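Please look through the sequence and the model first, then read the notes by topic.

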Amino acid sequence: PQSTHGPAPQNGAVPSEATKRDQKLTRGNWGNQIEFVLTSVGYAVGLGNVWRFPYLCYRNGGGAFMFPYFIMLVFCGIPLFFMELSFGQFASQGCLGVWKISPMFKGVGYGMMVVSTYIGIYYNVVISIAFYYFFSSMTPVLPWAYCNNPWNTPDCAGVLDASNLTNGSRPNDLSGNFSHLLNHTLKRTSPSEEYWRLYVLKLSDDIGNFGEVRLSLLGCLGVSWVVVFLCLIRGVKSSGKVVYFTATFPYVVLTILFVRGVTLEGAFTGIMYYLTPQWDKILEAKVWGDAASQIFYSLGCAWGGLITMASYNKFHNNCYRDSVIISITNCATSVYAGFVIFSILGFMAKHLGVDVSRVADHGPGLAFVAYPEALTLLPISPLWSLLFFFMLILLGLGTQFCLLETLVTAIVDEVGNEWILQKKTYVTLAVAVAGFLLGIPLTSQAGIYWLLLMDNYAASFSLVVISCIMCVSIMYIYGHRNYFQDIQMMLGFPPPLFFQICWRFVSPAIIFFILIFTVIQYRPITYNHYQYPGWAVAIGFLMALSSVICIPLYALFQLCRTDGDTLLQRLKNATKPSRGWGPALLEHQTGRYAPTIAPSPEDGFEVQPLHPDKAQIPMVGSNGSSRLQDSRI
């Protein structure tokens with residue numbers, strides 16, 4: 001990647017080899033560019049691509065949904081992705097350290113940490129359920145194939161039990177009868193649903209009724225936390241090697257399942273369901289809102305992970321190219337996963353003689369009920385089941401690595417002394433153990449209620465608020481001119497005009513639109529037919545608020561700490577960049593970041609004091625000189 005910057009290697013390698021090695025020793029870097037791209041792809045491509053997007057697409061007008069989806073990707077997804085990557089890469093700091101750009105807004109970084117904590121807790125529980133199903137699939141007959149298990153109820157009607165009957169004398173009558181069976185009015189349940197509800201979860205009747213902890217799930221939760229910890233034991237050094245497998249293998253599995261799926265009869269019906277455009281839907285606000293939210297959550301903006309991952313990049317890495325590649329890969333994966341899901345759902349609907357809409361589902365219901373049930377219809381079903389759950393595990397782990405690394409990096413960068421940098425493994429261990437302990441309630445009999453509560457509230461509208469404030473603070477408080485100059489210094493070219501316009505006007509407007517839309521669309525949460533009680537919804541709102549409240553609280557705290565005679569003076573001082581803001585390595589501190597005093601050898605990695613007037617927009621002269629130095633580099 002360096003060759004794009006002209007004669008960088010010779011120039012960079014000779015005079016400042018010490019500083020370079022120094023940065024590698026203290027903070028670490030990616031082994032190479034591919035590791036960063038794969039990690040970010042693994043981070044952005046998560047369970048939502050498989051269990052949310054296909055369903056949203058089918059619900060919101062099939063192929064017509066792709067249109068608002070790609071518009072939102074271009075105007076909101078890619079620009080925000082590029083902004084977060086460039087932000088982290090420029091300062092080489094985690095989601096807290098970057099806020100030297102405007103200390104008053106450091107609460108945004110704390111908000112990101114809170115969001116990552118919530119997601120990190122429940123995400124690993126989902127992975128542990130996938131582990132559980134993965135281990136359960138290692139049998140000659142899948143345990144959710146038939147209705148003859150001790151946990152089944154008299155209402156159970158299996159797909160396979162019925163198909164044995166259908167081969168009998170009156171197939172027509174029975175298939176008609178069978179579509180009746182699937183009707184929920186008759187209270188018929190599938191064996192996979194009973195396996196999920198009565199055996200895996202032993203679901204209690206109420207969110208407050210915890211019952212017992214499911215030891216099998218707890219064991220799987222332990223396994224998944226151990227896996228995550230071992231992969232992150234040496235930070236990005238070790239996780240960068242793991243992603244070669246975890247980020248690429250899901251595509252192999254998706255392709256295998258895709259080929260298996262499209263060769264089944266009825267697959268075409270399912271795919272047509274997924275893709276047939278209903279153009280009238282495009283005029284509904286809900287469709288656009290869903291598209292915007294899905295892009296937003298799917299790319300992982302405002303979780304803090306993108307800033308963290310980019311902070312381990314080399315300073316001159318072309319993160320503009322990376323952001324476009326990663327965003328497009330993420331959306332292509334969602335569309336591709338839709339084919340995999342709907343081809344097999346179409347096959348199952350054909351088999352049952354019902355409409356595809358009857359078998360379509362989303363969220364855990366798709367991953368752990370509808371899809372596993374469809375897999376029981378295939379020959380050698382345990383193999384397909386193993387593959388499917390292995391893919392879910394890998395998709396989840398890719399995201400989980402980054403969530404944990406975000407928290408660890410933020411803590412280590414914040415303390416920032418030599419001692420903690422050497423003890424980073426212990427910090428990782430502590431965060432992992434805490435995550436495991438906090439996840440224990442989610443493995444109880446009411447666990448799935450809590451999991452969905454966290455999924456719905458902890459990481460919904462708070463992300464939108466965080467992202468909006470981040471956009472505004474960089475573009476309007478720090479100043480767009482300053483930021484564009486920083487990017488020019490880093491990449492050798494200013495951000496393209498399209499991105500400048502998006503960052504300043506379009507993306508914040510879209511984010512604001514998502515926020516309004518989320519508020520208007522709000523419905524209290526339900527699970528199947530269970531209505532959450534008021535106190536549970538209140539806890540949900542408190543979780544959502546807990547991340548957003550960091551922003552005003554920290555801003556007030558910073559205002560009180562800052563010196564100034566008048567409030568206006570304090571505001572000015574609290575929002576202008578602190579002295580440590582700028583590129584981390586001396587060799588990159590050019591232009592308005594050039595150190596005022598000669599660097600002393602023992603300073604090494606320390607950031608030099610900068611011009612006191614650097615917060616002002618620089619004069620043409622200094623801008624020109626920075627450009628000259630940039631071309632020299």
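Two residues are in contact when heavy atoms of theirs lie within 4.5 Å of each other. In this predicted model, D322 touches Q33, F36, V37, L85 and N317, leaving out residues up to four places away in sequence.

**D322**
- D322 is part of helix α17, which spans residues 319-352.
- D322 counts as buried because its relative accessibility is 1%, under the 20% cut-off.

**Positions annotated in UniProt**
- An unreviewed UniProt entry lists A44 and N49 under "binding site".
- A44 lies in helix α3, which covers residues 33-44.
- N49 belongs to helix α4, made up of residues 47-51.
- A44 has a relative accessible area of 3%, so A44 is buried.
- N49 is also buried, with a relative accessibility of 2%.
- With residues up to four places away in sequence left out, A44 touches N49, S298, L299, I326 and N330.

**Packing of helices α17 and α19**
- Helix α17 (residues 319-352) packs against helix α19 (residues 364-375) at an angle of about 55 degrees, and their axes are 9 Å apart.
- Because of this angle, α17 is oblique to α19.
- The two helices, α17 and α19, cross in a left-handed sense.
- On the α17 side, the contact is made by V340, I341, I344, L345, F347 and M348.
- On the α19 side, the contact is made by L366, A370, Y371, E373, A374 and L375.
- Sorted by class, the contact of α17 with α19 has eleven nonpolar residues, no polar residues and one charged residue.
- E373 of α19 takes part in this contact, and Glu is one of the residue types that count as charged.

**G398**
- G398 is found in helix α20, which runs over residues 381-415.
- With a relative accessible area of 7%, G398 is buried.
- G398 touches G42 and Y43, not counting residues up to four places away in sequence.
- G398 and L47 are 351 residues apart in sequence, and their C-alpha atoms are 9.9 Å apart in space.

**Residues with positive phi**
- K202 is not a glycine, although its phi is positive, at about 45 degrees.
- K202 sits in the loop between α10 (191-200) and α11 (215-231).
- K202 counts as partly exposed because its relative accessibility is 34%, which falls between the 20% and 50% cut-offs.
- I380 likewise has a positive phi, of about 40 degrees, and is not a glycine.
- I380 lies in the loop between α19 and α20.
- I380 counts as exposed because its relative accessibility is 57%, over the 50% cut-off.

Definitions and conventions. Residues numbered from 1 in each chain as written. Predicted model: local features only at pLDDT ≥ 70, side-chain atom pairs only at ≥ 80, totals over all residues. Heavy atoms only, no water. UniProt positions renumbered as here; feature names shortened; annotations may be inferred. Helix = DSSP H or I, 4+ residues; strand = E, 2+ residues; numbered from the N terminus. Buried < 20%, exposed > 50% of the residue type's maximum accessible area, 1.4 Å probe, protein only. Axes fitted to C-alpha atoms, helices over the stretch in contact; angles between N-to-C directions. Parallel < 35°, antiparallel > 145°, perpendicular 65-115°, else oblique. Left-handed = near helix turned anticlockwise from the far one by under 90°.
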